[in-house]
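Colleague: Could you walk me through how the labels on this model are decided? I would like to see each value set against its cut-off.

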Amino acid sequence: MTTLNLGILAHVDAGKTSLTERLLYAAGVIEAVGSVDDGSTQTDSLALERRRGITIKSAVVSFRLGDATVNLIDTPGHPDFIAEVERVLCVLDGAVLVVSAVEGVQAQTRILMRTLRRLRIPTLVFVNKVDRRGARYDGLLRALAERLTPAIVPMGRVRGLGTRHAAVTPYGPADEDFRAALADLLTRRDDDLLAAYVEDETAVTHARLGGALAAQVRQGLAHPVFFGSAITGTGVDALTAGIRDLLPRAGGDPDGPVSGTVFKIERGAAGERIAYARLFNGTVRVRDALRYGDKRESKVTALSVFDRGRAVPRGRAGPGDIARLWGLVGVRIGDSLGEPPSGDATGHFAPPTLETVVVPRRRSDRGALHAALTELAEQDPLIGLRQDDLRQEISVSLYGEVQKEVIQATLAGEFGLDVEFRDTTTICVERPAGTGEAVAVGQKDGNPFLATIGLRVDPAPAGSGTRFGLEVELGCLPYAFFAAVEETVRATLRRGLSGRQVVDCTVTMTRAGYFPPASTAGDFRGLTPSVLTAALRRAGTVVCEPLQRFHLEVPEDTYGGLAPVLARLGAVPRTTDVHGTVRTVEGEIPAARVHELERRLPGLTHGEGLLECAFERYAPMRG
């Protein structure tokens, strides 16, 4: 039995959860197709998911497909929960990208496909809702080719498009137009196939084209497009056949060293942590001592794997399995199990650029709120916590306003905390403007700590993050004291001079001393913030705001009224082009002004404007 870990991805409301239900029903895992509107789906288990009709947390179910067990991972489509998609990508063997036949290619669709292509994740496209009024075929195929990837080929035709009687017929060997389109796509990247086709196209059989298609799909070079309806089931059989025949199976050596990645953490009934991990290599057994994260090690106390729609207890898990593991104390999302897997598992999407202050309605709940938010941040690493000790406030980072409702409902339901939120603000950062240095000598000039520390701050290239280095001998201090300084430097940089995070800088320790045996790591933790703050003040900092990359499509006759608005909002067009009656503009805009542009766009473009935005970079604030 082989294994395929399959992700279902889409823009919100394209129908990916409905497609998950249909695949489970077709495989015999469930007796009836659940409804997102009724809150009866298998993967949307949270009360808020059922109430809002959206996916918030990734969920895993499984079904049998031929000789394979498919672990199907349903991911959120709402951009506020892109962090859930972020951590799922590193565990996938293949993906199905769902696109609505009515709404077409949307902002999140483009972001997802761009990422899937960059990571070379084998991807099939499923065009859903062919039974809805307004569904498109030819126009949608052109949009897919222009806005997602030119390497597409439709795998069937639709009859009764846009009606409840819509039906899909897969293309076969007798469809010459399909054969020609498939050959044209595949020969662009297969010289042997091209030579054979040029010599005698009739000798290139349908089976050979199918084998070449599977090979290119598995390399992330070609993307078959299936049409259908998750609600009625039409076209889903063809998609299922595509999943079975075109997507790769998981590899790995069950007798090799253990290698895996934790991509989700949930709490059990007793409050215990349960780690969801994809295993790439080796075998994990109950009672094994498993190494994970930063040299931590714990014994696996229980284990389950997914089979026929649910998690079932097992004594072991092997390559390709998604295992639920108990007993891993302090495990965090993103931790590697055993040997770290090859490849970059993070950083596929932009960080959140918004934040809000969370305030308990009862002042006595402040401590409990901090503990609860810390626990939530363990489950979602992109919930960044920032505590302002002066104002006694806690801020959390956000992708959007819907996250507020989710955090509020989670704090109330799981922790019994009633909270409110301040207005959402843009997350700005600071970068060093120059070089600054400071020194504090132990027991001199009012230094109460038994420690001597010298630190220098230097600017680093944009996007490089923060780095801690040494210009002192390693033997001049115990290792624990160095570790205390580095840990405190990184914590202090997260708050900066004015509560903003300091990024793109190098902090170098230039002087060190201690007083044995009286000095402790606490002396170095206590002294570091004041020395680093003095060095930062001497270096000076520049406040930088997040800029969004925007793609704008508007009727050409409306652009004259829109251009001055873009200028007032600080948008800087980089490219502009006109195709017929549509003008396309791409450029940058301050993230803080995106909401106002979204609000004004419909009125300025007669409701026909299309705006897509994604984080681009941080840049010094203007004015």
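Modeller: Gladly. Axes here are lines fitted to C-alpha atoms, for helices over the stretch in contact, and angles run from 0 to 180 degrees between N-to-C directions. This is a predicted model, where local features need pLDDT of at least 70, side-chain atom pairs count only at pLDDT 80 or more, and totals for chains, interfaces and linings use all residues. Residues are numbered from 1 along each chain as its sequence is written, and side-chain values use heavy atoms, without hydrogens and water.

Colleague: Why is helix 7 called roughly antiparallel to helix 8?

Modeller: The axes of helix 7 (residues 191-199) and helix 8 (residues 206-218) come within 12 Å and cross at roughly 160°. Angles over 145 degrees count as roughly antiparallel (under 35 roughly parallel, 65 to 115 roughly perpendicular, the rest oblique), so helix 7 is roughly antiparallel to helix 8.

Colleague: Which residues make the contact between them?

Modeller: D192, L193 and A196 of helix 7 meet R208, L209 and A212 of helix 8, where contact means heavy atoms within 4.5 Å. By class, this contact has four nonpolar, no polar and two charged residues.

Colleague: What makes T452 count as buried?

Modeller: T452, in strand 27 (residues 451-459), has 7% relative accessibility. Buried means under 20% relative accessible area (exposed over 50%, partly exposed in between, with a 1.4 Å probe and protein chains only), so T452 counts as buried.

Colleague: What does T452 touch?

Modeller: Leaving out residues up to four places away in sequence, its contacts include A440, G442, R511 and F524. A polar atom of the T452 side chain lies 2.9 Å from the backbone nitrogen of G442.

How values were computed
Helices (H or I, at least four residues) and strands (E, at least two) are DSSP runs, numbered from the N terminus. Ala, Val, Leu, Ile, Met, Phe, Trp, Tyr, Cys and Pro count as nonpolar, Asp, Glu, Lys and Arg as charged, and the others, Gly among them, as polar. A polar contact is a pair of N or O atoms within 3.5 Å; within protein, one must be able to donate a hydrogen and the other to accept it, and residues adjacent in sequence count only if both atoms are side-chain atoms.
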